[in-house]
Amino acid sequence: MRGLDDFLAECDHGPRINELSGFFATTAAGESGMPTRKPEVDSRLLPNDNLIRDLISLHAARQGFFDQHYHSSIPYRLEEECRMAHGVLRYARIRGAPLSLYSLGTAEGTMARTLSELSRGQIHSLSCSPNAENYKCFMAYGEPPDAEFFVGPFHRLTKAVLNSNARLGKFASGFDIILEDTTFQMYSPNRPKQIEFVAQHLKEGGIFVFLEKFRAVEDSDYQRRECQKDFGFKARYFQLEQIEAKKTAVLTTMFNNEVTLEEMSRAVGTHFKHCVMTWNSGNFCSLAASNSRENLNLYVSQMADPAIPHEYVYEAGLYRSLTDHAVP
């Protein structure tokens, strides 16, 4: 990767591990930012089958402190996490061969751990977070089978680190699926370099999933969606004072590192031939990209319909292409 030293230095100065580090540490430890009640999946919005029921049950049992904060903050993000995990499990079963998953920056790695436990050896996962508090939550239910955790920021998980660690060496050949979950926006708006760095860990034909908060073309649209999120959803779990405090402490800084969907599309298109949008909730969207049309189509085909009320969906035509050489 060209300009690696400059990129690493840029990440080292990112808000996530500097001015926002206190917020993430205390929230991950359950010392602040806790909702008034634990979020629960609205199972009416998801398929009625045994697989997803088992997944929802285990996911709820494995949640740590930060997950409770996170899933109470983004409308129907918890349902989407279960929907995605359901799709990954189905995708892994159809493929047959063991599947490797890298979930970067996803707090205590609840989804990755849940997938590894439920799949019984079919999904090997790696999660990462700079916070030791998240690792403590990850280990709170015992050492999980086929699930590993790297304590450190995503940009410090290099191929050299993977190769030099006895537990992580099995991932040195790359991952079949990588999930970036609202991570890049905590460091910088440099999506081209961020994607380039992480994509080094993706196997040929692998799938890169991005879940991020995006700037809107019109600021007024962005603000309306934020109000809907805050007062139509977050108010179910947080006091108004908590919501306002987070705006001041975190969201303004994060906004400076967000990009538009058009900018993201260009960055993704530099590395991947195919990219589709699979979910939208207000200013948040999820994208799936790959250089294998076949793998991407198969993965998307295993996902249930988005589990979210229509009033939170603003991007018309989910599964629409975001690249010139996209999946139809």
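Modeller: One term first: contact means heavy atoms within 4.5 Å. Also keep in mind that this is a predicted model.
Colleague: Got it. Which elements do the buried residues of α11 pack against?
Modeller: They pack against α2 (21-28), α4 (65-71), β5 (202-213) and α10 (219-232).
Colleague: And which residues in α11 are buried?
Modeller: Those are Ile-243, Lys-246, Val-250, Leu-251 and Met-254.
Colleague: Nice. Where is the kink in helix α11 centred?
Modeller: On Lys-247. Helix α11 covers residues 240-255, and the kink is about 45°.
Colleague: Let's switch to helix pairs. At what angle do α3 and α5 pack?
Modeller: Helix α3 (residues 50-62) and helix α5 (residues 77-95) pack at about 125°, and their axes are 10 Å apart. Angles over 145 degrees would count as roughly antiparallel, and 65 to 115 as roughly perpendicular.
Colleague: Which residues make the contact?
Modeller: From α3 there are Leu-51, Ile-52, Leu-55, Ile-56 and His-59. From α5, the contact includes Leu-78, Glu-81, Cys-82, Ala-85 and His-86, along with Leu-89, Arg-90 and Arg-93.
Colleague: How many of them are nonpolar, polar and charged?
Modeller: The contact of α3 with α5 has eight nonpolar residues, two polar and three charged.
Colleague: What about α5 and α13, how do they pack?
Modeller: α5 and helix α13 (residues 293-301) also meet at an angle of about 125°, with axes 8 Å apart. They are therefore oblique to each other, and their crossing is right-handed.
Colleague: Which residues meet there?
Modeller: Met-84, Val-88, Arg-90, Tyr-91 and Ile-94 of α5 meet Asn-295, Leu-298, Tyr-299 and Ser-301 of α13. By class, that contact of α5 with α13 is six nonpolar, two polar and one charged.
Colleague: New topic: what is phi for Tyr-76?
Modeller: Phi of Tyr-76 is near 60°, a positive value in a residue other than glycine. Tyr-76 sits in the loop between α4 and α5.
Colleague: Is Tyr-76 buried or exposed?
Modeller: Tyr-76 has a relative accessible area of 9%, so it is buried; the cut-off for buried is under 20%.
Colleague: And where is Arg-120?
Modeller: Arg-120 is in the loop between α6 (110-119) and β2 (123-129). Arg-120 is not a glycine, but has a positive phi of about 55°. Its relative accessible area is 79%, so Arg-120 is exposed.

Notes. Residues numbered from 1 in each chain as written. Predicted model: local features only at pLDDT ≥ 70, side-chain atom pairs only at ≥ 80, totals over all residues. Heavy atoms only, no water. Bend = angle between axes of the 7 residues up to and from the residue. Helix = DSSP H or I, 4+ residues; strand = E, 2+ residues; numbered from the N terminus. Buried < 20%, exposed > 50% of the residue type's maximum accessible area, 1.4 Å probe, protein only. Axes fitted to C-alpha atoms, helices over the stretch in contact; angles between N-to-C directions. Nonpolar A, V, L, I, M, F, W, Y, C, P; charged D, E, K, R; others polar. Parallel < 35°, antiparallel > 145°, perpendicular 65-115°, else oblique. Left-handed = near helix turned anticlockwise from the far one by under 90°.
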